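Trainee: I have a structure to study and would like to go through it with you. Could we take it piece by piece?

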Amino acid sequence: MKAFTELYQHLDQTNKTNEKIEVLQEYFSRASDEDKLWLLALFSGRKIKRTVKVAQLKEWACELAGFDQWLFDESYLIVGDLAETIALILPDGSGINRLTLSDCINIIRSMDKKTDDEKKVILFQVWSKLTGFQRFAFNKLITGGFRIGVSQKLMCRALSKSTGIDENILAHRLMGNWNADNTTFQQLVIDAKDDDDHSRPYPFFLAYALETDPDELGDTSAWQAEWKWDGIRGQIIVRNRQIFVWSRGEELVTDRFPEFHALLEFLPDGTVIDGEILAFKDGLPLAFQQLQTRINRKVVGKKLLADVPVVFMAYDILEFDKIDCRNKLLSERRILLQQLIQGDNRPTCLLISEEVKFHSWSDLKSLRLQSRSNLSEGIMLKFRDSVYEQGRKKGNWWKWKVDALTIDAVLLYAQTGHGRRAGLYTDFTFALWDNGNLVPFAKAYSGLTDVEIKEVDAFIKKNTKEKFGPVRSVKAELVFELAFEGINFSTRHKSGVAVRFPRIHRWRKDKKVEDADTLDNLKALIT
């Protein structure tokens with residue numbers, strides 16, 4: 001555990017890529033295979049099952065520390081992180097232990113079948129052996145809140161330096177339906193073969209936002225333009241006469257979209273296509289909020305299938321006739337994709353993303369302005385001579401989204417943040433006018449500078465009206481311009497609308513609260 005917490009601490013305290021790679025490489029070179037496997041699992045988002053309730057952790061930590069519950073709750077509000085609060089209040093541990101990362105994870109998992117009294121005894125024993133930061137890391141593991149600023153790409157680079165295996169090969173091996181129970185480090189990383197797992201997807205190629213004038217990209221004929229659709233990025237895989245549907249978040253979602261089972265008979269064996277899962281009805285895409293009604297449903301009923309049907313909008317082909325074709329040029333892959341998705345027997349749930357035809361950058365700028373009326377988010381630009389890379393890289397793929405929608409809203413409620421923002425009010429609820437009343441419609445927690453955060457925090461602390469646990473209602477005096485990507489009617493929200501990706505665009509110090517927008521102004525933005 002000492003080696004893991006030293007790594008965790010170092011990664012948490014540096015923003016330098018080379019430093020992160022260096023300490024990761026050192027860990028991979030020294031740790032046991034079991035610890036390395038668990039590190040890969042944790043850093044790729046695979047979670048440990050929670051075996052102790054949060055309420056129990058708080059209660060037992062208070063008992064061991066001699067803390068009253070109210071004092072713990074107040075401390076938690078200031079610290080902003082449960083694992084850190086517990087680590088801070090506990091009496092000093094001995095630090096005398098030989099526990100490894102794997103040992104601690106096995107201890108956590110072993111508590112699943114224990115009684116509450118047995119769990120408490122085990123926790124007290126572990127806490128007593130660990131030092132402060134080791135306890136913090138252990139608490140992160142047991143609460144399921146373990147997160148670290150290390151990308152999959154960076155992790156693969158460090159692992160490549162340690163093993164000598166190409167990082168692109170490693171990135172592919174770490175994709176798919178594996179966990180620390182069904183494989184070993186040797187099987188997953190060292191001895192793996194491309195055909196070991198028929199369900200394994202490829203690493204996704206991601207686009208950067210275009211922030212310059214597209215004229216700087218040069219000759220228009222070198223670029224392919226498509227509409228940018230608002231759905232779930234995914235891959236459909238047909239191998240060994242089985243079909244697998246993966247989301248970009250590496251979640252296997254085959255059973256949630258039974259419409260795609262029809263593709264098993266249409267797509268030839270050894271095919272992988274990349275694209276977007278879209279709610280789609282009557283020839284038009286539906287709002288993302290409607291797609292959300294299906295995302296978390298493991299069983300989809302007939303009514304939902306009828307109300308929110310889905311399609312797969314294919315962008316690219318990654319495997320054809322059992323051969324990895326990512327190193328072919330986009331122009332060549334496009335021809336393969338078009339040849340594949342044609343014919344009268346093509347299932348209606350499979351579409352191809354059509355090219356947006358343009359002759360000049362001026363033409364495309366005009367077309368981009370039609371994005372919302374076309375129910376899209378903007379334009380995708382792809383270099384025709386580009387291969388299919390992995391991760392987010394600048395140069396060959398760009399997303400050129402339409403400008404965000406904006407509305408002037410009033411700050412109504414606030415809550416403290418977490419991590420480095422612990423103790424500061426940074427999570428806000430905003431409202432709009434409706435018949436003389438302020439109606440909440442959106443939450444946002446990003447967009448302010450550090451200086452502005454401190455200024456708003458001071459205002460909230462001086463102008464709190466009521467307290468509802470960690471939430472404070474404040475005097476309605478501050479107006480902010482909020483930006484968001486989309487808007488739709490919603491029966492789940494009191495305001496009757498739901499906005500997508502709200503964030504603070506700027507603080508409108510020039511506006512009084514009565515100058516804020518109305519709910520009708522917001523609804524008028526719905527196309």
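**Reading the structure together**

Mentor: Let us begin with Asp510, which is exposed because its relative accessible area is 56%, and keep in mind throughout that this is a predicted model.

Trainee: With which residue does the side chain of Asp510 meet in a salt bridge?

Mentor: Side chains of opposite charge can pair when their charged atoms come close. Here the nitrogen and oxygen atoms of the bridge are 2.6 Å apart, and the partner counts as buried, at 12% relative accessibility. The residue that meets Asp510 is Arg508.

Trainee: How many salt bridges does the structure hold?

Mentor: Another of the pairs is that of Glu19 with Lys16, whose closest N and O atoms are 4.0 Å apart. Glu19 counts as partly exposed at 29% relative accessibility, whereas Lys16 is exposed, with a relative accessible area of 55%. For the structure, the number of salt bridges is 35.

Trainee: How many residues apart in sequence are the parts that Glu226 and Lys382 tie together?

Mentor: The side chains of Glu226 and Lys382 meet in a salt bridge with an N to O distance of 3.2 Å, and both Glu226 and Lys382 are buried. Because Glu226 lies in strand β3 (residues 223-228) and Lys382 in strand β11 (residues 378-383), the pair ties together parts whose separation in sequence is 156 residues.

Trainee: What distance separates the end C-alpha atoms of helix α8?

Mentor: Helix α8 runs over residues 116-129 and has 14 residues. At 1.5 Å a residue, the helix should span 20 Å, and the model agrees with this, because the end C-alpha atoms are apart by 20 Å.

Trainee: Within what arc do the buried residues of α8 fall?

Mentor: The residues of α8 that are buried are Lys119, Ile122, Leu123, Val126 and Trp127. Seen down the axis, these buried residues line one face of the helix, and they pack against α4 (54-65), α6 (82-89), α7 (101-110) and α9 (132-143). They line one face because they fall within an arc of 130 degrees.

Trainee: How many of the residues of helix α3 are buried?

Mentor: Helix α3 covers residues 33-43 and is mostly covered, and among its buried residues are Asp35, Trp38, Leu40 and Phe43. What covers the buried residues includes α1 (2-13), α2 (17-30), α7, α9, α10 (152-163) and α12 (185-190). Of the 11 residues of α3, the number that are buried is 9.

Trainee: Is Ser199 buried or exposed?

Mentor: Ser199 is placed in the loop between α12 and β1 (205-206). Leaving aside neighbours within four places in sequence, Ser199 is in contact with Asn177, Ile237, Arg239, Phe244 and Trp246. A residue is called buried when its relative accessible area is under 20%. At 6% relative accessibility, Ser199 therefore counts as buried.

Trainee: Near what value is the phi of Phe501?

Mentor: Most residues other than glycine have a negative phi. Leu375, in the loop between α17 (361-368) and β11, has a positive phi near 60 degrees. Phe501 lies in the loop between β21 (497-500) and β22 (503-507) and counts as partly exposed at 48% relative accessibility. The phi of Phe501 is also positive, with a value near 55 degrees.

Trainee: How many disulfides does a search of the whole structure find?

Mentor: Cys104 counts as buried at 0% relative accessibility, and Cys156 is buried too, with a relative accessible area of 0%. A disulfide needs a pair of cysteine sulfur atoms within 2.5 Å, and the number of disulfides found in the whole structure is 0.

Note on methods. Residues are numbered from 1 along each chain as its sequence is written. This is a predicted model: local features need pLDDT of at least 70, side-chain atom pairs count only at pLDDT 80 or more; totals for chains, interfaces and linings use all residues. Side-chain values use heavy atoms; hydrogens and water are left out. Helices (H or I, at least four residues) and strands (E, at least two) are DSSP runs, numbered from the N terminus. The expected span of a helix is 1.5 Å times one less than its number of residues. Buried means under 20% relative accessible area, exposed over 50%, partly exposed in between (1.4 Å probe, protein chains only). The arc is that of the directions from the helix axis to the C-beta atoms. Contact means heavy atoms within 4.5 Å.
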